[in-house]
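Colleague: I would like to learn how to read a model like this one. Could you walk me through it?

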Protein chains: 2
Amino acid sequence: MGGIAGSFVAVDWGTTNRRAWRVADGHATSLLSDDRGILAVTDFAAAVADVQARAPGLPLLMAGMIGSNRGWREVPYVPAPATLTEIAAAVDWVEPEIGIVPGVSFADGALADIMRGEEVQLLGACALAAVECDGLVCHPGTHTKWAEMEGGAIARFRTVMTGDLFAALQHKSILTDLLAHAAPVDAAFLAGVDHALANSDLTAELFAVRARVVLGLAEARHAASYVSGLLIGTDVRTGLGRVRADVVPVLGAPALTARFAAALARAGRHATEHDGDAAFIAGMTAIAGAL
Amino acid sequence: MGGIAGSFVAVDWGTTNRRAWRVADGHATSLLSDDRGILAVTDFAAAVADVQARAPGLPLLMAGMIGSNRGWREVPYVPAPATLTEIAAAVDWVEPEIGIVPGVSFADGALADIMRGEEVQLLGACALAAVECDGLVCHPGTHTKWAEMEGGAIARFRTVMTGDLFAALQHKSILTDLLAHAAPVDAAFLAGVDHALANSDLTAELFAVRARVVLGLAEARHAASYVSGLLIGTDVRTGLGRVRADVVPVLGAPALTARFAAALARAGRHATEHDGDAAFIAGMTAIAGAL
């Protein structure tokens, strides 16, 4: 076991990039932001030492895929419902002053899900009182998380692989050419959202995007926005599910939260947008304080 | 204009491969089967001459993507409802004895769709009396076609991009590793079909496939079958839509029609399986006879 008193370094170490901040008295200073995500690292001890060298002598608290089976050391998930206290107690101390925050798992009947890294932002937004600690919270991205918070705990959650699917279609499918266009939040995006909120025919509607362009019924330059709308509309329809939520906090980078806020508005919900970095810092600060 | 009397060469020229048969008196002999689909060809005149050299002096009738904007010459679609007579009348004679069969388009309100090549099999199965010329017919594949036949015409149809989506997920997504396994029609496949018939949460359930493996709730070796079932079950749910169809003919290669027949059975429908090559030869023979 280790522990953190005073200043520390908070690291968000994901699949494709990593970021580190020096955190002191709740204030954060960026130390590092690069593309050395876990898939780009083979010598984790050296990569961690590189982070440490940016702020010598301070303890390190790391979250994200660094704790996965492809990361430095696999840290068992804390099963939902998961509180800040439980997550802090399960921090894995690789060295006396280097800890990895565990992810959270959820299993209930046929439902099964996992997260690593998003739990820090969810608990951080809660700690900031930016987000109701009871209710639905959306964390959009490659793998969007829809979490139901209950009394400050992550009670249950569902992942929708929206960004991953968009990238896969963009990389190699009949839509590859069309998805090379930009995808602004415009009328085509909203039309895609509306279609997906009202229909569950995504895998057919995706082909219709191409058919309309070939038949001259739609312009190629609008296709990427429409597909983004289709996928995000599907994400929102799935994420809202049967949960009652008139106001939905959305955590993440502003460009992405704006996109989901626009889609949630089409579903008749009010989205509040919250900066994911601020939530991450607050979450790591809260976990450090609970160690 | 050209025309065909007696023997001819029937060519099925798709995106990634091409096949040719010598057809005489309704009997077909394979002349060619290789991977020179339209994406692998730059000099179409030379590629066509190569096919002609296999059966010198015989007229050529070609169908499929060879008539697309990426093929030899773009042949306008015949709008649905499309009959055999209309399709034969719209054959594009590139040279006096070299014709390209047009595809079929469908547009109705927000619906828009296209096919090139499948129309020959649909009309051929009808000509063989293997398939009811009124009712729903399924042509599964990279882009599955669900066609409603009315009085021998292709009245309307919808494409579901099942195979394309599976390949995209297999190529580059969080599921890439898991989809490298074989995907037999087994209990996992049927479980995926059942899930997709009863739910419209595909883009979330795909992530759950990975979560279950990570959490030890499912075996990695069953993931590809389950995902195949999810996508084909979604295909069947979408294709059946609101159409009444107790018996659904399925046209194509036996391995694929068996997979869709199994999924249709879970949806309470009886599938009849029909060889796609035989339907193609019959369709080309019928078109040649109507020129």
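This is a predicted model: local features need pLDDT of at least 70, side-chain atom pairs count only at pLDDT 80 or more; totals for chains, interfaces and linings use all residues.

Colleague: Which strands form the open sheet, and in what order?

Modeller: The order is β5-β8-β9 in chain B, three strands with mixed pairing. The edges are β5 (78–79) and β9 (111–115) of chain B; each has a single partner strand, so one side of each lacks a neighbour in the sheet.

Colleague: How many bridges link β11 and β12 of chain B?

Modeller: Seven, again in the antiparallel sense, with β11 spanning residues 144–150. Look for B:E148, which sits opposite B:R156 of β12(B). The hairpin made by these strands has two residues between them, and B:G151 there adopts a positive phi near 55°.

Colleague: Is β12(B) mostly covered or mostly open?

Modeller: Mostly covered. A residue counts as buried when 20 or more other C-beta atoms lie within 10 Å of its own, and six of the eight residues of β12(B), residues 153–160, are buried.

Colleague: Now the two chains. How many residues are in contact?

Modeller: 37 residues of chain A contact 37 residues of chain B. Several elements of chain A each supply at least two residues to that side, including β8 (104–108), β12 (153–160) and α7 (223–240). The largest share, nine residues, belongs to α6(A). Sorted by class, the side of chain A that touches chain B holds 20 nonpolar, 10 polar and seven charged residues.

Colleague: What rotation superposes chain A on chain B?

Modeller: A rotation of 180°, with 0.0 Å of shift along its axis and an RMSD of 0.0 Å. That is how a two-fold axis relates its copies. Both copies use the same surface, as 100% of the contact residues of chain A recur in chain B.

Colleague: Where do the domains of chain A lie?

Modeller: Domain 1 covers 8–128 + 280–289, while domain 2 covers 160–274. Taken over C-alpha atoms, the centres of these two domains of chain A are 30 Å apart.

Colleague: And what are the confidence scores?

Modeller: Both ipTM and pTM are 0.95. For chain A the mean pLDDT is 94, with 98% of its residues at 70 or more.

Terms used. Residues are numbered from 1 along each chain as its sequence is written. Chains are lettered from A and ligands numbered from 1 in the order in which they are written. Two residues are in contact if their C-beta atoms, placed from the backbone, lie within 7 Å. Helices (H or I, at least four residues) and strands (E, at least two) are DSSP runs, numbered from the N terminus. Ala, Val, Leu, Ile, Met, Phe, Trp, Tyr, Cys and Pro count as nonpolar, Asp, Glu, Lys and Arg as charged, and the others, Gly among them, as polar. Copies are superposed by least squares on the C-alpha atoms of residues with pLDDT of at least 70 in both. A residue is buried if 20 or more other C-beta atoms lie within 10 Å of its own, exposed if 12 or fewer, and partly exposed in between; C-beta atoms are placed from the backbone. Two strands pair if DSSP finds at least two bridges between them. pLDDT is the predictor's confidence in each residue, from 0 to 100. Domain bounds come from an automatic or database domain assignment.
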